[in-house]
Amino acid sequence: MAPTTSNSVSADLVWEIVRGNNAFLVKRKESGGLQFSRDPLNLTNKNSRKYAGFVNDKAIGIQPAEKGGLKVISKKESAALKPAKSSTEVTHSGGQSTRKLYKTVANQAAKSGYRADLREAAVARVSAIRQSQKDTKPTPEKKPRGAKAKKAAATES
């Protein structure tokens, strides 16, 4: 593993230290002690070592952008010791088809040895964001069923 904060500290050690208490952690006692994460580089929002972007040297985050677009944030391993230069952002417009976005994000996650284990979670995150950006359909007016209901509706109008 490449270092995260200094040349002598591994990412596993950092996770063991901060897994129970960090700035991104959200604990829910009423739901049986579930722990979530607000980390922008966490694809599933679960507090786990696999998805924790602030601990891993390579991480991907997907956020909604304006006008129905998506912002893909990735963390560079080469700039692990330079936090200001360690992340890159790519914005995809809302006009692109959803399938094309799936393929683009999946390729960015898995190609050139990045993090193939995050491909499925990245595509699921894109799908959830795109679904939330859609306009809701108006509920259709209920039609009367049966002879009595039709008669009653006709007398009301």
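## A surface pair beyond helix α1

Arg19 is partly exposed, with 42% of relative accessible area, in this predicted model. The partner of Arg19 in a salt bridge is Glu16, and the closest N and O atoms of the two are 3.9 Å apart. Glu16 is likewise classed as partly exposed, at a relative accessibility of 47%.

## The buried face of helix α1

Helix α1 covers residues 11-18, and its buried residues are Ala11, Val14, Trp15 and Val18. Where do these buried residues fall when α1 is seen down its axis? They fall within an arc of 100°, so they line one face of the helix.

## Salt bridges

How many salt bridges does a search of the whole structure find? The search finds four, among them the pair of Glu16 and Arg19 described above. Another is formed by Asp12 and Arg49, with the closest N and O atoms 2.9 Å apart. This pair links distant parts of the chain, since Asp12 belongs to helix α1 while Arg49 belongs to the loop between β2 and β3, 37 residues apart. Asp12 is partly exposed, with a relative accessible area of 40%, whereas Arg49 is buried, with a value of 17%. Arg49 counts as buried because its relative accessible area is under 20%.

A further salt bridge joins Arg115 to Asp117, and here the closest N and O atoms are 3.1 Å apart. Arg115 is buried, at 12% relative accessible area, while Asp117 is partly exposed, at 39%.

## The hairpin of β1 and β2

Strand β1 (residues 25-28) and strand β2 (residues 34-37) run antiparallel and are joined by four bridges. Within this pairing, Arg28 stands opposite Leu34 of β2. The two strands form a hairpin, with five residues between them. Which residue in the turn has a positive phi? It is Gly32, with a phi of about 80°.

Leu43 lies in the loop between β2 and β3. Is Leu43 buried or exposed? With a relative accessibility of 5%, Leu43 counts as buried. Residues up to four places away in sequence aside, Leu43 touches Ile60, Gly61, Ile62, Leu118, Ala121, Ala122 and Arg125. One of these contacts, Ala121, is 78 residues from Leu43 in sequence, yet the two C-alpha atoms are 6.2 Å apart in space.

Asn56 is also placed in the loop between β2 and β3. Asn56 is buried, and its relative accessible area is 8%. Which backbone oxygen does the side chain of Asn56 reach at 2.8 Å? It is the backbone oxygen of Ala52. Apart from neighbours within four places in sequence, Asn56 is in contact with Arg49, Lys50, Tyr51, Lys75 and Arg115.

Note on methods: Residues are numbered from 1 along each chain as its sequence is written. This is a predicted model: local features need pLDDT of at least 70, side-chain atom pairs count only at pLDDT 80 or more; totals for chains, interfaces and linings use all residues. Side-chain values use heavy atoms; hydrogens and water are left out. Two strands pair if DSSP finds at least two bridges between them. Buried means under 20% relative accessible area, exposed over 50%, partly exposed in between (1.4 Å probe, protein chains only). The arc is that of the directions from the helix axis to the C-beta atoms. A salt bridge is a side-chain nitrogen of Lys or Arg within 4 Å of a carboxyl oxygen of Asp or Glu. Contact means heavy atoms within 4.5 Å. A polar contact is a pair of N or O atoms within 3.5 Å; within protein, one must be able to donate a hydrogen and the other to accept it, and residues adjacent in sequence count only if both atoms are side-chain atoms.
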